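Biologist: I would like a close look at a single part of this model. Please take me through the contact between the two chains.

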Amino acid sequence: MNDKLRQLEFDPRLAGMLGALAAIWIGFDFLSGGAFLTPRNLWNLSVQTASIAIMACGMVLVIVTRNIDLSVGAMLGFVGMIIGVLQARLLPELIGLEHPATWIIAVIAAIATGAAIGLFQGALIAYLGIPSFIVTLGGLLVWRGAAWWVTQGQTVAPLDGRFQRIGGGATGAVGETATWAIAVIACAAIAAAMHYARNRRRSFGFPVRPTWAHIAVMLAACAAVIGAAWVANAYAVPPGIARRLVEEAGGTWPAGGVFIAHGFAIPVLIAIAAGIATTWLATRTRFGRYVFAIGGNTEAAELAGVDTKRTLMLVFGTMGALCGIAACVSAARLNAATNAAGTLDELYVIAAAVIGGTSLAGGIGTIAGAMLGALVMQSLQSGMILLGVDAPLQNVVVGGVLVLAVWVDVVFRRGIK
Amino acid sequence: MKPKLVEMRDVSIAFGGIKAVDRVSVDLDEGEVVALLGHNGAGKSTLIKILSGAYRADSGEIRVRGETVDIASPRDAKRYGIETIYQTLALADNVDAAANVFLGRERTTRWGTLDDATMEAETRKVMARLNPHFRRFTEPVRALSGGQRQSVAIARAIYFDARVLIMDEPTAALGPAETRQVGDLVGELKRQGIGIFLISHDIHDVFDLADRVAVMKNGRLVGTARVGDVTKDEVLGMIILGKCPPGAEPGPGAEA
Ligand SMILES: Nc1ncnc2c1ncn2[C@@H]1O[C@H](COP(=O)(O)OP(=O)(O)O)[C@@H](O)[C@H]1O
Ligand SMILES: [Mg+2]
């Protein structure tokens, strides 16, 4: 039985997460009288998950090396303030208001600032040997304070019009045609990648999944992509904005109105791109191999000639860069930079990684799991908001689920030993 | 005269005032097996960790084929063809056999990404030689038995064309059949001209495999001897009492 499952490369943890997510979604839909599983709610859910999911990708790498980063929320707040001031105050004077390059400069500045902070904290941890808990706890206070300092606490708004699209909203989606195009390309890419990996294993004479399982997995993955595209395209842009879009395009607004679909939200595409890139980093590069080896046995990695200190510093640099991207998404969504942005995000990001199967003992974790973990937590919160549950009780539930998820994981791990 | 494959001269290292290794000199020829013996805590592992680049000696000299070398890291040692099977095995438990065999020396594709298929294929080849029954190539090595883990550690050391092989207590976790396999392997590698330091706290494990023995006690060298020139009991006397028999060449740690 166990051998059978192994041959299918069945991942019980991933399956369990997907099952839990399905149960949460169906449960809330039932309790809310069908208000949860609507295109509108699911689309908003995906947008709300994006920022935490992006940071969770980096947190997996950090926790896999047996470290922690408590400063991610504060970094997000600080970077958000920097790019807010940059695009709302500095760049308008230098290159003009609503310049087409503004958003690009802001995004690059966000990633660079985040990476620099991360590398700096990483250097303190790796080369000076200060525990990451302490360095990033200090960082939490420092960067949160620094975020206030940038404008003496003033909120910066509004932000650049093109930049705002990064955060979602009616204009922050790619539209119907692009959504189908992305879905088709994604399906082709999934099929090609799976096919290539399988053929390569076979050319070496290694065991592979039976054909039926291979095709079933491929079809399931493609069905999920097509389903997501269908949902995103079933969510209509509100009539007021739709009318503006039609008229801007030179058309006339018909009496009965027209259906304009949102399509995939840009922040969600960014999060998925971040997830794919980080997964590639973690599984296909030497850097990723060293990250896991360090988490499994730091001394062994050192004896094998791995530069463990440099690797560790780069892990925190990656985490910082991802915080920079998340800062763009969250500031753009608010259309404002506030020094309180990202407060408590460190806890949600760590919780997402842990619910997603990342072991605090190090050495074990997947990016996909952490992103699913972020989606599970956001689903719980959105569902409870939909049901009118008070905010304090929401925290009680999310906290309880975190502990429960880790307990299930502990039991599960004991079971497979 | 042909220079020795490896020579360690008057090597010392202290940890917080405790001299773990004190002016020890040992050497090794091509195709020679030198057994490094001594009680637990005698300083054997520490001595070879200096040769493998894990520690830096406080003083002393290391020569490889007559040339003085500076071994500042495990990478340096590997560059001189010195490969080590550590007493603790030094495996990353959470990744598979191939990832461990190639750790720090990964094969990459022409795009610079990990070439896992090639690494697995090579690992399968070397494991077929070491442990023909080994099948669990895609599981973390945590799931393996002591003997299988040992094979992975050995595979890592011999895959990369070692000139000098250090085996620190290689049979400690093994049953009789597997111990015999390691013995056969030592013989085979010796015939290929590889020099081997074979470390053990138990003389019975290594006496028949070794050409020479070097005995340590309290961080110091009691003496070295050709196995033909001393009896097992005499070597036991070196290990336990630090007494150097007439057939052996005494070191700084020999009792008067
Ligand atoms: N990293 C270290 N720090 C402090 N003391 C050490 C360290 N490594 C070894 N020692 C000490 O050096 C001595 C020799 O140990 P070791 O080389 O492991 O002995 P052996 O391998 O012969 O059993 C022991 O007293 C041990 O406690
Ligand atoms: Mg030892």
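Which residue of chain B forms a salt bridge with A:Glu299, and how far apart are the closest N and O atoms?

Modeller: Bear in mind that this is a predicted model. The partner of A:Glu299 is B:Lys49, and the closest N and O atoms of this salt bridge are 3.8 Å apart. Between chain B and chain A the count is six salt bridges, and 13 residue pairs are in polar contact, both residues having pLDDT 80 or more. On the side of chain B that touches chain A, the elements giving two or more residues are α2 (74-79) and α4 (116-130) of chain B. The largest share, seven residues, comes from α4(B). By type, the residues on this side of chain B are 13 nonpolar, six polar and 11 charged.

As for extent, 30 residues of chain B are in contact with 28 residues of chain A. The area buried between the chains is about 2500 Å², with carbon and sulfur atoms giving 56% of it. Within chain B, the residues that lose the most area to chain A are B:Asn94, B:Leu103 and B:Leu114, which together make up 22% of what that side buries.

Chain B also supplies the protein donors of the magnesium ion (ligand 2): B:Ser45 through OG and B:Gln87 through OE1, at 2.1 to 2.2 Å from the ion. B:Ser45 lies in helix α1 (residues 44-51) of chain B and B:Gln87 in the loop between β6 (82-85) and α3 (97-101) of chain B, so the pair ties together parts 42 residues apart in sequence. B:Ser45 is partly exposed, at a relative accessible area of 21%; B:Gln87 is partly exposed too, at 40%.

Terms used: Residues numbered from 1 in each chain as written. Chains lettered and ligands numbered in written order. Predicted model: local features only at pLDDT ≥ 70, side-chain atom pairs only at ≥ 80, totals over all residues. Heavy atoms only, no water. Contact = heavy atoms within 4.5 Å. Buried area = accessible area lost by both parts, 1.4 Å probe. Salt bridge = Lys/Arg side-chain N within 4 Å of Asp/Glu carboxyl O. Polar contact = N/O pair within 3.5 Å; in protein donor to acceptor, adjacent residues only side chain to side chain. Helix = DSSP H or I, 4+ residues; strand = E, 2+ residues; numbered from the N terminus. Nonpolar A, V, L, I, M, F, W, Y, C, P; charged D, E, K, R; others polar. Donors = N, O, S within 2.8 Å, 3.2 Å for Na, K, Ca; no water. Buried < 20%, exposed > 50% of the residue type's maximum accessible area, 1.4 Å probe, protein only.
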